[in-house]
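Me: I would like to learn how to read a protein structure, feature by feature. Could you take me through this one?

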Amino acid sequence: MNTADSYVEEFLGNIDTNKAFGLRRGEAEKIFEPKFPEQPTAFEDLLTVMRKHMDTEGINPASGGHLGYIPGGGIWYSALGDYLADVTNKYAGVFFGSPGAAMMENTMVEWMARMFDFPETAGGTLTSGGSIANLAAIVTARDKHGITSAKVPNAVIYLTRQVHHCIDKAIRIAGLAECQVRYIQMDARYRMDVDDLSRQVAKDKEAGLTPWLVVTSAGTTDTGSVDPTDKVASVCKQNDMWLHVDAAYGGFFLLCQEGKEVLKGLHLADSIVVDPHKGLFLPYGTGAVIVRDAKDLYKSHYYQANYMQDAISATEYSPADLSPELTRHFRGMRMWLPLKLLGLKPFVAALSEKIQLARYFYDKIQEIPGMEVTDYPELSVVPWRYVPENDDANEFNLELIHEIHKDGRVFLSSTKLDDVVWLRVAILCFRTHLSTVDLCLQMITDCLDRVKLRRTNGS
Ligand SMILES: *Cc1c(COP(=O)(O)O)cnc(C)c1O
């Protein structure tokens, strides 16, 4: 067995018992010097650098105990796909360069487009993640609606305060920062209020403005909430607005029954983003954007250069014509290989398990006296907090999350909803099982006791 294999074996062998999080101790600072010795270094020594200085500080995203933010995946079969993609170094950007690689990527997109029940005209591309995918969609919407710079000040975008921050970023990068942005009211579950949307759009039209873009979330980061995209779609249709759905976190739940019951109307979107490195359990580095009419994505991203004249193809889209990237990693392989090797069944089962585990946590956390939760989880994120009797709740919960980070058996993160501090459990890693959630509950109880004791003793 080679050295890398033995490292991997050890890493994965300990994954269920090692902590999911380690506080920073300054180990990382000791590793990197911006220079390389003239002489080679032994591989084993380099892996020791990883073991000692990288593997025990911060989050371990491969751990089933990563229940913070939105967890990623890291299935081993994708690493195998990357290995094959890297050794062969296939050029997947342009159809002419590697028809097979480009078609494999296009097929992955087509598979996702069908999952969303998009029409035949749909197309898209694999990106490095959800942020770039959202950017590509918003740029496409901008061009389709002819929002040139002169029109920006009167153009109106509608979203909620719960959209992922990469949407704000994309709006800014796309040169749309000076658009009017309306934050639509939300219901008690932090979902877009469609009546408020209709009212706002009507008001803006009356004022002579141009409503053109609505962004909904199919699974928000903070609370896992699903906006009523089906109802928003009719408002968009009536008012000729582009409907973009950010399903980076929630999209793949469409593969399981529990998810299908919650995710309604995604097929009505003009563009949609989904992250295989979240809901399909791939390692970081794969997002996707799909546009209802592939031609719109193409028109915003194609290029013509004299030195590329041999590469023009009329039969298949080239990924390079559908995103800002030209030369890029052959991403299709890390997605295609595991789906083929394992079949779809384990993916569907794992997604269903994540929703069940979130529901289990939701019930169990309420058995601890003093715990408060938001509404029943729609997907796999559960916000919760402790409400102390004679103490400041926000301060208490901030101390509690710090205590949880010091513990580290399971990693959780916190957020603020309307100025109230909430802690969250987000279940999406394929290695998270019932035993992980039980460990999480045990850890919460232990940390809660410690914080209570400390705060009542005033020490
Ligand atoms: C993760 C996430 C994003 C950003 O995607 P990256 O892959 O991290 O770039 C956008 N929207 C939602 C809802 C997400 O969960």
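Me: Which residues is R182 in contact with, leaving aside its neighbours within four places in sequence?

Reply: Contact means that heavy atoms lie within 4.5 Å. By that rule, R182 touches V156, I157, Y158, L159, Q200, D204 and L209, with neighbours within four places in sequence left aside. A word on the source: this is a predicted model, where local features need pLDDT of at least 70, side-chain atom pairs count only at pLDDT 80 or more, and totals for chains, interfaces and linings use all residues. Residues are numbered from 1 along each chain as its sequence is written, and side-chain values use heavy atoms, with hydrogens and water left out.

Me: Where does R182 lie, and is it buried or exposed?

Reply: Helices (H or I, at least four residues) and strands (E, at least two) are DSSP runs, numbered from the N terminus. R182 lies in strand β5, residues 180–183. For burial, under 20% relative accessible area is buried, over 50% is exposed and in between is partly exposed, using a 1.4 Å probe and protein chains only. R182 has 19%, so it counts as buried.

Me: What about G146: where is it found, and how accessible is it?

Reply: G146 is found in the loop between α6 and β4 (155–159). Its relative accessible area is 24%, so G146 is partly exposed. From G146 to W212 the C-alpha distance is 9.7 Å, although 66 residues separate them in sequence.

Me: Where is S78 placed, and why does it count as buried?

Reply: S78 is in helix α4, residues 76–88. It counts as buried because its relative accessibility is 0%. Leaving aside neighbours within four places in sequence, S78 is in contact with L282, P283, R334 and P338. Its C-alpha is 9.9 Å from that of G332, a residue 254 places away along the chain.

Me: Which residues of α15 are buried, and what covers them?

Reply: An α-helix has 3.6 residues a turn, so residues three or four places apart point the same way. In α15 the buried ones are A393, F396, N397, L400, I401, E403, I404, H405 and D407. Their cover includes β1 (21–22), β11 (381–386), β12 (413–417), β13 (420–426) and α16 (434–457). Take E403: its relative accessible area is 4%, so it is buried. Leaving aside neighbours within four places in sequence, E403 is in contact with C447, R450, V451 and R454.

Me: Which residues touch the most other members of the largest nonpolar core?

Reply: A nonpolar core is a set of buried Ala, Val, Leu, Ile, Met, Phe, Trp, Tyr and Cys residues joined through side-chain atoms within 4.5 Å. The largest one here has 58 residues, and F116, L197, F253 and I290 touch the most other members. Helix α5 (residues 99–115) gives the largest share of this core, 5 residues. Apart from this core lies another of 30 residues, including L67, I365, L423 and M443.

Me: What covers the buried residues of α5?

Reply: The cover includes β3 (123–127), β8 (271–274), α11, β9 (287–291) and α13 (332–342). Among the buried residues of α5 are A101, M104, V109 and M112. Just after this helix, D117 takes a positive phi of about 65°.

Me: Last one: how many residues surround the ligand, and which are closest?

Reply: A residue is near a molecule or strand if one of its heavy atoms lies within 4 Å of it. Here 15 residues surround the ligand, the closest being G130, S131, D246, D275 and K278. A polar side-chain atom of S131 lies 2.6 Å from a ligand oxygen, while a backbone N or O atom of G130 lies 2.7 Å from an oxygen atom of the ligand. Helix α6 gives the largest share of the shell, 3 residues.

Conventions. A polar contact is a pair of N or O atoms within 3.5 Å; within protein, one must be able to donate a hydrogen and the other to accept it, and residues adjacent in sequence count only if both atoms are side-chain atoms.
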